[in-house]
Amino acid sequence: MSATVSCTVPSAHGPRTVTFSYAREGSGEPLLLLHGIGHHRQAWDPVVHLLAAERDVISVDLPGFGASPALPEGLRHDLPTMNAALAALCTALDIDRPHVAGNSLGGLLALELGREQRVRSVTALSPAGFWSQAERRYAFVVLRAMRTIARRTPLPVVERLARTAAGRTVLTSTVYARPGRRSPEAVVAETLALAGAAGFEETLRAGIGVRFTDDVPGIPVTVAWGAQDRLLVRRQGVRAKQIIPRARLVRLPGCGHVPMSDDPALVARVLLDGSR
């Protein structure tokens, strides 16, 4: 069941209130799940029940995505702001240094939280920030094209395409290696989430100059990459390992950029292993 929580984040113009939509399930050590740009927390649904057997799982909609409103005036959708907002979220939920796992943008945010020693462990699935300039430009062009298609395609057409495996492939094969495994309802919901993401453009603009260049000392780090990632190609995982030499680098066979539905059992095992 989803809920909302509001927290206070400092800004140059005074404190601002940020509201998160989230879902919480299971028991054990806390595990915070962060989705990618244009997505929503339901991207984690295929693995939540597997994780909840051992973890207190908190999946959140990042500000400006899913059911969470965009950041208020005076706050930017950049890394320092998101670090502060996620730290405030943990305080509001009474979570002391959770394990954190993230995909794409969420993976970059997870690593930033780890670099600042705000979490117990980090598992990053195809994290952003390890790209070359050409790779970043390519990814941003693809993301903008996906959003344009989502915004311009009438809902009845999306619903009709989502009813068949071939149609789900048309809509989602950029990020999933096995798009037929997504339910029609999930594909419609994530297409609407991408089309309506209020934080999409500002988040993308903030990412133009972003590269992750620092080690993450003192905590366990796992970096996992889909072998069939078409958005952030898997050689970026090798760069991540060079920058974070103590990180465990894991290959996800048969998985794309958003691997949670491509192989839920494998992804859940990687997340649980990373948070032990």
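Helices (H or I, at least four residues) and strands (E, at least two) are taken as DSSP runs and numbered from the N terminus. The structure is a predicted model, in which local features need pLDDT of at least 70 and side-chain atom pairs count only at pLDDT 80 or more, while totals for chains, interfaces and linings use all residues. Residues are numbered from 1 along each chain as its sequence is written, and side-chain values use heavy atoms, with hydrogens and water left out.

Arg97, placed in the loop between helix H2 (79-92) and strand S5 (99-103), has a positive phi of about 45 degrees. With a relative accessible area of 34%, Arg97 is partly exposed (buried means under 20%, exposed over 50% and partly exposed in between, with a 1.4 Å probe and protein chains only). Ser126, in the loop between strand S6 (121-125) and H4, likewise has a positive phi of about 45 degrees, but at 1% relative accessibility Ser126 is buried.

Helix packing was described with axes fitted as lines to C-alpha atoms, for helices over the stretch in contact, and with angles from 0 to 180 degrees between N-to-C directions. The axes of H4 (residues 133-152) and H7 (residues 184-195) come within 8 Å and cross at roughly 105 degrees, which makes H4 roughly perpendicular to H7 (65 to 115 degrees; under 35 is roughly parallel, over 145 roughly antiparallel and the rest oblique). In this contact (heavy atoms within 4.5 Å), Met146, Arg147, Ala150 and Arg151 of H4 meet Thr191, Leu194 and Ala195 of H7.
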